[in-house]
Structure formats: structure tokens, C-alpha cells
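Hello,

Here is the structure I said I would pass on. My notes follow below it.

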Amino acid sequence: MIKAEHVGYIYQKGTPFEHRALYDINLEIADGTLAAVIGHTGSGKSTLIQHFNALVKPTEGRVIIDGADITNPKSDLRLIRRKVGLVFQYPEHQLFEETVYKDIAFGPAAMGLSKTEIDERVRLGARLAGLREEHLRRSPFELSGGQKRRAAIAGVLAMEPKVLILDEPTAGLDPKGRDAMLSVIKKLHEENKDMIIIFVSHSMEEVAGIAERVIVMNEGRVEIDGTAEEVFADAERLRRIGLNAPQMALLADKLRAAGYDLPKNIYTVEQAAAAVKKLIGGNACA
């Protein structure tokens, strides 16, 4: 479990460039959660997730990861960072080994594991990230953008983290690569029931498609925290803080305004299709 208790954070505190990024954040994220963090640029999303693997420490309050308080001087931050895998926005920039296999093996090797254990972890991480055997023998620089990102994610998964955090995992990918990456995240969640998966995204469609919980950041505070259905039900509130609801939610709003009787919980293509089909069927029967 992740707990944030009255967390505040100030960049460059005590200098003329002091800037407060987070205000009194209180969150609990249970094991097995698939959560999205959304918000406009500068809302505090990236600063928040960096607290979850102790990359930064709170200026006020505390963050507890799997029972360990990252603000406690006695806490082993290396152990915490092994439990919490953080994949940056362009993780492929971190690839550096001769082969994908060696890149994925780097972390487990640094842990002092045996060759057998390293091999098992490399192959497990690759499978979970959607890489094939042939990819492991290739140079990471020969891979496509999406494959490079999968290789970087596989390197984190090979550390067997309890928490996986992905900062803008689909950034820079084409539609096919984006859909493939979202499928990887969804499959990871389905196959690892105890793992916390948190991803940051600007795309409401991506969030609506796979997130179970949505945390909306606004000016360094948690503006809304709930299920995808609860968050996207209030499109007007999202607009006030500079965000759009998913396109399907906006379409459903326009259809309701035109007099069509549609339910409130529409924010994916599948939900919209089902609601329209039911509506047409009902009119036909009438």
C-alpha cells in the first residue's frame, strides 16, 4: 500500500526561486490498484509520483511505501526503489547495453543474483512487457519506439517491483503503438493482482479505457479522486480546471441536450455504442 499523509513539497526552498508544487496531499492506494493521475501541465502530477519511489522527499508530511516511511532517516531507500519501479516519460533514452537481454538483466545483475535467477527475471520481464525471444538478441537501438519502451519497462519489471509507475507511457507513440502499450498495462494488471500500477496521462480516452481509479491534480492539490465513472460524470468540473472529459462523454452530453435519453455513465466507445444501440432498439419497438 502507498500512503501520502499531509504531503507538501517546495522546490528550491529558501531560495529566491522557491516554488510550492504540492499542498496537503492525502492518499491511500491499495495493493492491486490500477490508477491514473491526470491534470494540466504544472498541476503536480510528476512531482507526486516521484515521491512514491523516494526520488524526492516531502517538505511536509510523509509518504509510506509498503510500511516504510521514506522520510525516516533509517529507511533503506535502495530497498524502497526496488519495490517501486518508476518508468520515465521517454525510458528508451535510458537504454545503453549491446542487446535487449543485457539491458533488462542490468538491474537484477546489480542485485547480485545468480545467472539462473537473472535469466528467469529477464524472460519474465520481457514476457510481461510483450517482447518476444527474438527481441532479446537484438540491439535496443534497432527496435521501434514502442518496442524500446517495452524493453525499458521489462528492465523495471525484472526487478519484481510491488509498484509500477509509468509517466506518460504512450508519449510520442503512433496510434498503433499507443494501443499496444495500453494493452500491456492492462495485461500487467490482470496478471499481477497484487501490484499497484499508476500511470500519468494527458489523454482522457486512455484513462477512460483502462483506469479503475482516477486522481485529478489541480494546482498542486488533489481536485478529484474516484472511479473513472465518478470522475468523468462531472465534465463541467473537469473543464473548469483545464481538462476535457473523454470525447464519448462530451458526445453523450450533446445528445442528452438534444433530447435523447442516455444514461450518465458513458465515457468509452463501447459504452456509447451500447447506449445508442439500446436507444435505437427502444425507439423501433415503440
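Which residues does Gln50 touch, not counting those up to four places away in sequence? Please keep in mind that this is a predicted model. The residues touched by Gln50 are Tyr11, Leu55, Val56 and Leu86. Gln50 itself is part of helix α1, which covers residues 45-51. Its relative accessibility is 19%, and because the cut-off for buried is under 20%, Gln50 counts as buried.

On the nonpolar cores: the largest has 53 residues, and Ile104, Leu164, Val216 and Phe232 have the most contacts inside it. Helix α6 (residues 145-157) supplies the largest share of this core, six residues. Apart from this core lies another, of 29 residues, including Val37, Ile49, Val63 and Val163. As for Ile104, once its neighbours within four places in sequence are left aside, the residues in contact with it are Val122, Ala126, Leu131, Leu136, Ala151, Ala154, Gly155 and Ala158.

The axes of α6 and α7 (residues 175-191) come within 10 Å and cross at roughly 20°, so α6 is roughly parallel to α7. The crossing of the two is right-handed. On the α6 side the contact is made by Gly146, Arg149, Arg150, Ile153 and Leu157, and on the α7 side by Ala180, Met181, Val184 and Leu188. By type, the residues of this contact are six nonpolar, one polar and two charged.

Regards

Note on methods: Residues are numbered from 1 along each chain as its sequence is written. This is a predicted model: local features need pLDDT of at least 70, side-chain atom pairs count only at pLDDT 80 or more; totals for chains, interfaces and linings use all residues. Side-chain values use heavy atoms; hydrogens and water are left out. A nonpolar core is a set of buried Ala, Val, Leu, Ile, Met, Phe, Trp, Tyr and Cys residues joined through side-chain atoms within 4.5 Å. Buried means under 20% relative accessible area, exposed over 50%, partly exposed in between (1.4 Å probe, protein chains only). Helices (H or I, at least four residues) and strands (E, at least two) are DSSP runs, numbered from the N terminus. Contact means heavy atoms within 4.5 Å. Axes are lines fitted to C-alpha atoms, for helices over the stretch in contact, and angles run from 0 to 180 degrees between N-to-C directions. Angles under 35 degrees count as roughly parallel, over 145 as roughly antiparallel, 65 to 115 as roughly perpendicular and the rest as oblique. A crossing is left-handed if the near helix is turned anticlockwise from the far one by less than a right angle, and right-handed if clockwise. Ala, Val, Leu, Ile, Met, Phe, Trp, Tyr, Cys and Pro count as nonpolar, Asp, Glu, Lys and Arg as charged, and the others, Gly among them, as polar.
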